[in-house]
Amino acid sequence: MATETPPPATPGAPLPSTEEFAEVQQSAEFGELRRAHRSFAFPLTVAFIAWYLLYVLLSNYADGFMGTKVAGNINVALVLGLAQFLTTFLIAWWYARHAAAKLDPKAQAIKSRMEGGA
């Protein structure tokens with residue numbers, strides 16, 4: 001199944017022109033949508049990469065600390081490694097909530113106006 005095919009257009013609805021796309025791209029509403037996305041995604045991406053690099057650096061250079069036993073055979077390295085997975089899922093969940101609450105309504109308004117619904 002090809003995923004590159006665009007969704008079917010509304011029957012009888014004309015497609016927006018290149019000029020209309022450019023006009024929407026330069027609109028304040030589209031700029032606000034981009035700002036809302038970037039203000040969430042960029043800081044969170046930087047924070048996660050820093051957290052990941054901290055884990056890698058600790059794994060390479062802090063053997064004693066990472067080998068510290070927490071409980072039984074579980075050490076700090078294992079706990080921090082599993083925390084990497086946990087934070088990945090938490091970030092995905094948080095982004096999905098953010099997108100549903102802040103991004104999707106703005107994007108839907110732009111899309112419906114482009115398709116002639118507003």
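Of the 118 residues of the chain, 16% count as buried, where buried means under 20% relative accessible area, exposed means over 50% and partly exposed lies in between, with a 1.4 Å probe and protein chains only. The model is predicted, with local features requiring pLDDT of at least 70 and side-chain atom pairs counted only at pLDDT 80 or more, while totals for chains, interfaces and linings use all residues. Residues are numbered from 1 along each chain as its sequence is written, and side-chain values use heavy atoms, with hydrogens and water left out.

The chain exposes about 9000 Å², of which carbon and sulfur atoms supply 67%; accessible areas come from the Shrake-Rupley method with a 1.4 Å probe, and for residues only the protein chains shown count as cover. The chain has four helices and two strands, and from the N terminus on these elements run α-α-α-β-β-α. Helices (H or I, at least four residues) and strands (E, at least two) are DSSP runs, numbered from the N terminus.

The UniProt record, an unreviewed entry, lists residues 40-62 and 74-96 under "transmembrane region", although such annotations may be inferred rather than shown by experiment. In the model, residues 40-62 are 96% helix and 0% strand, with end C-alpha atoms 32 Å apart, and residues 74-96 are 91% helix and 9% strand, with end C-alpha atoms that lie 32 Å apart.

Gln84 lies in helix α4, and it counts as buried because its relative accessibility is 8%. Leaving aside neighbours within four places in sequence, Gln84 is in contact (heavy atoms within 4.5 Å) with Phe48, Trp51, Tyr52 and Tyr55. Over the chain, among contacts with a separation of 6 or more, 59% join residues 24 or more positions apart.

The second largest pocket holds about 180 Å³ of space. On a 1 Å grid over the protein atoms alone, a pocket is an open set of points where a 1.4 Å probe fits, with protein on both sides within 12 Å along at least five of seven lines, and lining residues have an atom within 4 Å of a point. A volume is the space filled by probe spheres set on the points. Helices α1 (18-25) and α4 (76-114) each supply at least two residues of the lining of this pocket, and the largest share, three residues, comes from α1. The lining includes Pro14, Leu15, Glu20, Arg113 and Gly116, and its residues divide into five nonpolar, two polar and four charged. Here Ala, Val, Leu, Ile, Met, Phe, Trp, Tyr, Cys and Pro count as nonpolar, Asp, Glu, Lys and Arg as charged, and the others, Gly among them, as polar.
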